[in-house]
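I opened my notebook and went through this model piece by piece. Here is what I looked up, entry by entry.

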Amino acid sequence: MKHGVLTGYKNILNFIYRYQNYIRILKFVITKYTACFALLIFSLTAISISAQPYVKLDNLNKIKLNEHNLWYQTQSIEINPSFAKLSQLYKDAKQVTSTLGGRGAYITKIKLINTKGHEDTWFVKLHTNYLDLGTAYWQRDSGEVITLANFGQIGGTNPKLAHSQAFSLSLNQQETGTLWIYIEAKMFATPVTVKFYNKAAFYNKQFFVNSITSISFAVMLTLALIAFFIYLRTKYLVTLACTGYIGIQGLGWFLASGSFGHLFAVSTFNPVYIAIWIFPFAIASACQFTNLLFNCQQDHPKLAKTFNLLSIVCLSLGLFMPFSSFAQSYLISHVIATLWIPLCIGTGIFMLAQKDFRAKYYLIGNLLYGLTLMGYVLSHLYKIDWDISLELIVQIALTIDCICILLSLAEWLQIQQKEFHRTYAISRIDPLTQIGNRFAQNEKLASLKGHYCITFIDLDGFKKINDKLGHDEGDKVLIATADIMQKKLQGLGSIFRCGGDEFIWVVSIKSSQQVKPLLLKLSDLLIETAKELQEKGWKDAGLSFGIATSFETLNQSECLSLADKRMYKYKQDKQ
């Protein structure tokens, strides 16, 4: 057994010794191929990372270039560079994965070929809001360099496209070359994607985006003016807060879209940055509008404190931001938005749960605007590769929000109007008899245009009824007297309770021929009223009255006095 094992080992050693040269060769080949394979993978990776982007311009309407590893960060020079300067900057530039959250200047160069069989014009669109400077050059393969455009917000002459920058590029048949682009901004809030559009596609997009932006701004401006005119008429602070909320938000997004720079050439500063500075004032107005809309000061004091505190903070930050760096202002505006979104939506839900139906429009509008604004804020933190303009969606949502805000203001005004009418009616109606009181009587007399007659009526036996049967029974007599006279009146005029047991009956007269029959009719109606009161069980009740007309007197005061004198004479004659 031991001998067999030794023999086996010897055979293995002989095999290794005999074929060791082949084993060395195999080991060498494997090592070399592994190294070559690794070198190949590394080379392909390096090429994929640093290779110049290549775009074939064909029959597609739109071509989107991936932003990943597209841009190179370079020195900021605060002027549009010449081609020679741009080439020098590119040599020292450092490639970045994405421009999201970046600051300063970036460069890229893109290899292009026009595969069409004819000359064609393409439009290059860069999705960037806060761009200060931008310049582009076209370098043909022959070495010829063509200056394309300065397309930033400062001194740009590019085609006008809201929320983006664009410039045109005309290429000959089968022309190839390199597109150089330089951009500079204090903050790149989103990745700077590059898209190529043919003429038709670009003009369609330009019309759609600019129309939506213009319409939304026009709607918001109109709504703000309506709210302001309502304030001038009513002097309600809630309408002034509504004006600030809608107007400042609308102006802010008009600036942020770059539309202000499209209308007015600015060469010293970027007007888009103003949108960041005024945003806190819009939220301060929104806080006060919400506070006043839901009467938080009286009904929800804790919410009122929250809104007042946030208003003060926003106003203070708004005054501070123009003197701070743009990075600080940018951060502050995003923090304010993050605080406001849950607060306004939460307030709307809470008020709706409290059966406050002013909140239905408020909640719908703020829910739309708040959620889209939150998506917009998140797009400044995370790379979201959506082929849509979040800015345009937020602007549309804000327009709907402003409409809803004005509708909620209309609800508030309607409630105020109802409350006013209720208070007005209560202040002019006698609570016991439910007929007009002295205030209503004075208004009626002041509104008389032509001739009239005034009847002064006194309830006889009222004190005796109070003394014998009690004040409750006396109140019943007053209520019955008023009800019977109103029934007897039948459209002849208006009855008012002007004192404890005194009434005034005012009737308009069309002509002097009407006086005599009218006086007889009024006398008969009042005598019938006295009889009806006695038939109801109040034997001591009766009516004394005196009638005077405007034909006999110079003014209402004299007419009232004459009617009063005749009433007392009538009472004495009865006694």
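**Entry: Ser 379.** I started with Ser 379, which counts as buried because its relative accessibility is 6%, and the cut-off for buried is under 20%. I kept in mind that this is a predicted model. I placed Ser 379 in helix H11. Which residues does Ser 379 touch, leaving out those up to four places away in sequence? I found Leu 100, Ala 189, Thr 190, Ile 384 and Leu 390.

**Entry: two positive phi values.** I noted that most residues other than glycine have a negative phi.

Lys 355 has a positive phi, near 65 degrees. I found Lys 355 in the loop between helix H10 (326–353) and helix H11 (359–379). Is Lys 355 buried or exposed? Lys 355 has 62% relative accessibility, so it counts as exposed.

Asn 295 also has a positive phi, near 50 degrees. I traced Asn 295 to the loop between helix H7 (272–293) and helix H8 (296–299). Asn 295 counts as partly exposed because its relative accessibility is 28%.

Entry: I turned to strand S7, residues 131–140. How many of the 10 residues of S7 are buried? I noted 8, so I wrote the strand down as mostly covered.

I followed S7 to strand S10 (residues 176–185). The two pair in the antiparallel sense, over 9 bridges. I picked out Thr 135, which stands opposite Tyr 182 in S10.

S7 is also joined to strand S8 (residues 145–150), by 5 bridges. These two strands run antiparallel as well. Here I found Gln 139 opposite Val 145 in S8. S7 and S8 form a hairpin with 4 residues between the strands. In that hairpin, Gly 143 takes a positive phi near 105 degrees.

**Entry: an open sheet.** I looked up an open sheet of 4 strands. I read its order as S2-S11-S6-S9, with antiparallel pairing. Which strands are at the edges? I found strand S2 (62–65) and strand S9 (165–171), each pairing on one side only. Ignoring direction, neighbouring strands in this sheet are turned by 20 degrees against each other on average.

I checked one pairing in detail. S2 and strand S11 (residues 194–198) run antiparallel and are joined by 4 bridges. Ile 63 has Phe 196 in S11 as its bridge partner.

Then I looked at helix H4. H4 lies across strand S6 (120–126), S9 and S11. I noted an angle of about 110 degrees between H4 and S11.

**Entry: the second largest pocket.** I ended with the second largest pocket, which holds about 160 Å³ of space. Its lining includes Lys 160, Asn 210, Phe 217, Phe 254 and His 262. I sorted the lining residues into 4 nonpolar, 5 polar and 1 charged.

Which helices each supply at least two residues of this lining? I found helix H4 (199–234) and helix H6 (259–263). H4 gives the largest share, with 4 residues.

Technical notes: Residues numbered from 1 in each chain as written. Predicted model: local features only at pLDDT ≥ 70, side-chain atom pairs only at ≥ 80, totals over all residues. Heavy atoms only, no water. 1 Å grid on protein atoms, 1.4 Å probe; cavity = no way out; pocket = protein on both sides within 12 Å on 5 of 7 lines; lining within 4 Å. Points joined across faces, edges and corners; volume = space filled by probe spheres on them. Nonpolar A, V, L, I, M, F, W, Y, C, P; charged D, E, K, R; others polar. Pairing = 2+ DSSP bridges. Axes fitted to C-alpha atoms, helices over the stretch in contact; angles between N-to-C directions. Contact = heavy atoms within 4.5 Å. Buried < 20%, exposed > 50% of the residue type's maximum accessible area, 1.4 Å probe, protein only.
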